[in-house]
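This report covers selected features of one protein model, chain by chain. Please have the sequence and the coordinates open while reading.

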Amino acid sequence: MAHQAHAYHMVDPSPWPLTGAIAALLMTSGLAIWFHFHSTMLMTLGLVLTLLTMYQWWRDIIREGTFQGHHTPPVQKGLRYGMILFITSEVFFFLGFFWAFYHSSLAPTPELGGCWPPTGIIPLDPFEVPLLNTAVLLASGVTVTWAHHSIMEGERKQTIQSLALTILLGFYFTALQAMEYYEAPFTIADGVYGSTFFVATGFHGLHVIIGSTFLAVCLLRQIQYHFTSEHHFGFEAAAWYWHFVDVVWLFLYVSIYWWGS
Amino acid sequence: MKLWLFQSVPRLASRAFNTTVRQMKNKVPDRQKVFLEDNGLPVHIKGGSTDALLYRLTMTITIAGTGFSCYWLLVACMPKSKA
C-alpha cells in the first residue's frame, strides 16, 4: 500500500462533481422547460439528482474524515477557510436584498404615496411574533454554544440534549414564520414592500431550514460517536452557519420589521 | 388560541433521547476497518453493495437527464408549426 509523505488529502476520483454539475443544468433548463412547455419532468430529475449528489458527496467526506483519518490539521485548516469563505459569500448574497430594501424604503416614490410603509400596506407588529422569533433564534444561539462546550468537555448526553434543543428551536422558528406568512395581510405581489419583505425573509427562512438540517446531521453523527472532544469540525461548521443565520435575522428584524414599520 | 398552541411547543417537545442514546454502541472502529481496507476501491464505492446501487442510480439519472435536456433544447429550437 502506497504511503504519502505529506499531511494533505489527495482525494479518490469522484463522480459527484459531474453529477452535481448536471443536476444544476437539469434544474435550470428544467425551470425554463416548465415555464414554456408546462412539463416538470426535467426540473424534478434535476432536484432528485441534486439531493442524491449532496447525500453521497457529504457521506464520502464523512468517510474520508472520520473513518479514513484524512482530515489532518492542515486539511482541517483548509476546510475552515472553505466554510468561512462560503459564509462570506452568503453574507454578500443577503447584502444585495438589504440593498434593494433600503433603496426602495429610504426614498419612497410618489407611486407608493411617498411614505414607508407604502399607502395601503398594514405591516406586521414587530413586537408580536417577530419578537418571539428573535428570542427563539437568540436562545438557539445559546443552546448551540452549550452544545459546543459540551462536546469539548466530553459530555455526551449534554451534547445530545443541547443540540436537539437547538434543532427544535429552529423548527419552532420555521413553524412560527410559516404561520406569519399565512396570516400576513400583504402578499409578495403587493408592490415593492411585498417583494422586499418576502424575498429577504423567504431566503432567510430557507437558510434556517438548511441550518437546521446541517445541525440534525451533526446530531446523528454525535449519537454515532463520530465527534471527539478535540476534533469535531463538522459541528463547528454547522454552528458557524447557525450563528450567521441568527445574525441575518437580527438585521432583518431591525431593518424590515422594526424600522420598516 | 393559535399563539398559545405555538408557545407550548417547546414545553411539549422536551423529551430526552435517553433510550436511543443509551443503547447506541460505538461502531466507528468497525467502520474505520471497512474503509481502511486495502482493496483499491474509491471511497464512494467502498461501503458495500448499496454504494454501487446508489451510484448506478445517480449516474443513470445523470445520463438520462442530459439526454432529455438535449431533446428539450432541440424542441425549443424548432419553429412553432402554424396549424
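The sections below describe a predicted model, beginning with chain A.

## Annotated span of chain A

An unreviewed UniProt entry gives chain A the feature "domain: Heme-copper oxidase subunit III family profile", which it places at residues 4-261. In the model, residues 4-261 of chain A are 76% helix and 0% strand.

## Helix α4 of chain A

Helix α4 of chain A covers residues 129-152, which is 24 residues. At 1.5 Å a residue, a helix of 24 residues should span 34 Å.

After α4(A) comes A:Gly154. The phi angle of A:Gly154 is positive, near 70°.

## Helices α5 and α6 of chain A

Helix α5 of chain A takes in residues 156-183, and helix α6 of chain A takes in residues 191-223. Their axes come within 10 Å of each other and cross at roughly 155°. Because angles over 145 degrees count as roughly antiparallel, α5(A) is roughly antiparallel to α6(A).

The crossing of α5(A) and α6(A) is left-handed. Where α5(A) meets α6(A), the contact residues comprise 16 nonpolar, 10 polar and one charged.

## Chain B

How many helices and strands does chain B have? Chain B has five helices and zero strands, and from the N terminus its elements run α-α-α-α-α.

Chain B has 83 residues, of which 22% count as buried. Buried here means under 20% relative accessible area.

Definitions and conventions:
Residues are numbered from 1 along each chain as its sequence is written. Chains are lettered from A and ligands numbered from 1 in the order in which they are written. This is a predicted model: local features need pLDDT of at least 70, side-chain atom pairs count only at pLDDT 80 or more; totals for chains, interfaces and linings use all residues. Side-chain values use heavy atoms; hydrogens and water are left out. Helices (H or I, at least four residues) and strands (E, at least two) are DSSP runs, numbered from the N terminus. The expected span of a helix is 1.5 Å times one less than its number of residues. UniProt positions are given in the numbering used here, feature names are shortened, and annotations may be inferred rather than shown by experiment. Axes are lines fitted to C-alpha atoms, for helices over the stretch in contact, and angles run from 0 to 180 degrees between N-to-C directions. Angles under 35 degrees count as roughly parallel, over 145 as roughly antiparallel, 65 to 115 as roughly perpendicular and the rest as oblique. A crossing is left-handed if the near helix is turned anticlockwise from the far one by less than a right angle, and right-handed if clockwise. Ala, Val, Leu, Ile, Met, Phe, Trp, Tyr, Cys and Pro count as nonpolar, Asp, Glu, Lys and Arg as charged, and the others, Gly among them, as polar. Buried means under 20% relative accessible area, exposed over 50%, partly exposed in between (1.4 Å probe, protein chains only).
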